[in-house]
Amino acid sequence: MLQSLFDGILVGSILSLGAIGLTLIMHILRFANFSHAELISLGAYFTLTLDKTITALSSVLASKLPALSVSVSLIIAMLLALLITGIIAAIIDVLVFKRLRDNAGPLTMVFASFGIALIMRNVIGLVYGLKSTHYNSDIAFAMMISADPLLLVKADQLFILALTLVVMVALHLLITKTSLGFALLAISENPTLAQVNGINLAAMVRLAWLLGGALAAIAGVCYALNNQLSPVMGRDLVLSLFAAAIVGGIGSIYGAALGGLIVGLAGSLALVYIPTGYKPAIPFVIILLALYIRPNGLFGQER
């Protein structure tokens, strides 16, 4: 049970990063963006490419951090990848979603997001192949933290938890201590009222895409470190991301973070009692329960 609890917190923290960008876009632009999950795959594979490139240019940066399979070059690659992924997310909005929301309805944008997701997934498969891979081929051994109850933890998993915590704290400071954060929060809560008060909606939409893409890239790297890189990473995580956003409440950044933890814990703890084959159904059950018990989510407001 203790092992399942730790695994649930680990997965939940990764889902929280991906769900924040999703819930912002869903609330501001009023459509379910199914292509958001593919940004997770995109960010993870960009990091792989940049890591290999940096390693080839400098063997010194290929050195691993103490007790981790994470290298200095991987961290640099991740920082570059989150910027690139955020920019690509904003470009997709300009080229596709902006034109559609000016000339069509939200339902058309949802269908378009399905198309973009398929394109991104197949392009990744075409470029990198369909086989799964890893950032590092070395075997990572788990440390026994507790024998009774049994708790095995890898050093990389502690790194992932620390990284997600740092990102969450940085995001909290951005929202609560900066004018950009206040404007973004205002737009997510009430776009019309925010515009009346002089906030540039177009600029905040671009910021939301940049932020969402960057967070998705970090989530992709963390997921790949804990599991493996696969072209279908986004497809496997999309329902969990939506479940996290719905449970937390559409538009609530803190709700998405909490929703991710709830979904991660529920999925991990449920495997203690049900067969593994039923795991893909757990996000469906969570979404249905959330919509039935509290349709607006834990932090959502009735519109």
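Visitor: How do I read the angle between two helices?

Guide: Axes are lines fitted to C-alpha atoms, for helices over the stretch in contact, and angles run from 0 to 180 degrees between N-to-C directions. Helices themselves are DSSP runs (H or I, at least four residues), numbered from the N terminus. This is a predicted model: local features need pLDDT of at least 70, side-chain atom pairs count only at pLDDT 80 or more, and totals for chains, interfaces and linings use all residues. Residues are numbered from 1 along each chain as its sequence is written, and side-chain values use heavy atoms, without hydrogens or water. Now look at α5 (residues 155-177) and α6 (residues 179-189): they pack at about 85°, with axes 5 Å apart.

Visitor: What do we call the arrangement of α5 and α6?

Guide: Angles under 35 degrees count as roughly parallel, over 145 as roughly antiparallel, 65 to 115 as roughly perpendicular, and the rest as oblique. α5 and α6 are therefore roughly perpendicular to each other.

Visitor: Which residues make the contact of α5 and α6?

Guide: Contact means heavy atoms within 4.5 Å. From α5 come Leu-174, Ile-175, Thr-176 and Lys-177. α6 brings Ser-179, Gly-181, Phe-182 and Leu-185. Next, sort by class. Ala, Val, Leu, Ile, Met, Phe, Trp, Tyr, Cys and Pro count as nonpolar; Asp, Glu, Lys and Arg as charged; the others, Gly among them, as polar. The contact of α5 with α6 has four nonpolar, three polar and one charged.

Visitor: How do α3 and α8 pack?

Guide: Find α3 (residues 72-103) and α8 (residues 201-226). Their angle is about 135°, and their axes lie 7 Å apart. That makes α3 oblique to α8.

Visitor: What is the hand of the crossing of α3 and α8?

Guide: A crossing is left-handed if the near helix is turned anticlockwise from the far one by less than a right angle, and right-handed if clockwise. α3 passes α8 in a right-handed crossing. The α3 residues in contact include Leu-74, Met-78 and Phe-97. Among those they meet in α8 are Trp-209, Gly-213 and Leu-225. By class, this contact of α3 with α8 has 16 nonpolar, three polar and two charged residues.

Visitor: How do I tell a cavity from a pocket?

Guide: A cavity is a set of points where a 1.4 Å probe fits but cannot get out; a pocket is an open set with protein on both sides within 12 Å along at least five of seven lines. Lining residues have an atom within 4 Å of a point. Grid points are joined across faces, edges and corners, and a volume is the space filled by probe spheres set on the points. This structure holds one cavity of 30 Å³ or more. The largest cavity has about 40 Å³ of space.

Visitor: Which residues line the largest cavity?

Guide: Ser-35, His-36, Leu-39, Ala-89, Ile-92, Phe-97, Met-120 and Trp-209 do. α3 gives the largest share, three residues. The lining has six nonpolar, two polar and no charged residues.

Visitor: What of the largest pocket?

Guide: Its space is about 680 Å³. Of its 26 lining residues, Val-11, Tyr-223, Leu-237, Ser-240 and Lys-279 lie nearest the centre. α1 gives the most to this lining, with seven residues. The classes are 13 nonpolar, nine polar and four charged.

Visitor: How much space lies in the second largest pocket?

Guide: About 360 Å³. The second largest pocket has 21 lining residues; Ser-69, His-134, Tyr-135, Asn-136 and Ser-137 lie nearest its centre.

Conventions: Helices (H or I, at least four residues) and strands (E, at least two) are DSSP runs, numbered from the N terminus.
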